[in-house]
Amino acid sequence: MLILLDALEKIVRKTSKIVLKVIMVIGLAMLAIALAHVFARYVLNSSLTWSEELLKIMLVWFCLLSASYLAVRKDHVAIVVFKEKLFKRITPQLELVVRVLMFVASLVVCYIGIRMIISAGSRVTPAMGFPYAFMYAAIAVAFGLMALYEFRNMLFAFARPDALSAVEDDKAEEELVPSLVEENETKNT
């Protein structure tokens, strides 16, 4: 079980880094396209015909990939009030139940995304002639990644309930760095 967990952790770590880079590229491209659109419309008085459509497609990919990235870091929306009020001894079991439910829900939505890709057929967007299937692929890809991440989270909750995954370890380091910088700055002044 531990060998599977370590191999899965390596895969998750690599894919999450790639996903983060893709999210950043999409975000920067969206910013550039939006600025070009505003410049063309208000400065040149000539609207770009393709920019809004492309921004919609990019926004779908950006949002769904961001949601999958939050899942790998276990930063998605949670109702902490219930978790804080429950007895500490049932918290690990509750964590496992949540992970299983998230895994199953991710698989279901991934399946729905695949069905949407198939149903899109050869339809294309009006302005750019871009296939709708590409936009729907964001659902399948993001929730497929989320299922992978939640599978990893589920195994961690089952096998090592108190241990941090490597991704969570990275997250803890990221949160620690700003506080260390602040401490050094206060010491230097």
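This passage describes the overall fold of the protein chain, then helix α5 and its residue Phe143.

The structure is a predicted model, in which local features need pLDDT of at least 70, side-chain atom pairs count only at pLDDT 80 or more, and totals for chains, interfaces and linings use all residues. Residues are numbered from 1 along each chain as its sequence is written, and side-chain values use heavy atoms, with hydrogens and water left out.

The secondary structure of the protein chain consists of 6 helices and 0 strands, where helices (H or I, at least four residues) and strands (E, at least two) are DSSP runs numbered from the N terminus. Of its 189 residues, 32% count as buried; buried means under 20% relative accessible area, exposed over 50%, and partly exposed in between (1.4 Å probe, protein chains only). Among contacts with a separation of 6 or more, 75% join residues 24 or more positions apart, a contact being defined by heavy atoms within 4.5 Å.

Helix α5 comprises residues 132-159. At 1.5 Å a residue, its 28 residues should span 40 Å, and the end C-alpha atoms lie 41 Å apart, which agrees; the expected span is 1.5 Å times one less than the number of residues. The helix is mostly covered, as 20 of its 28 residues are buried.

Phe143 is found in α5 and is buried, with a relative accessible area of 18%. When residues up to four places away in sequence are not counted, Phe143 touches Leu64, Ser106, Val109 and Cys110. Leu64 lies 79 residues from Phe143 along the chain, yet their C-alpha atoms are separated by 7.8 Å.
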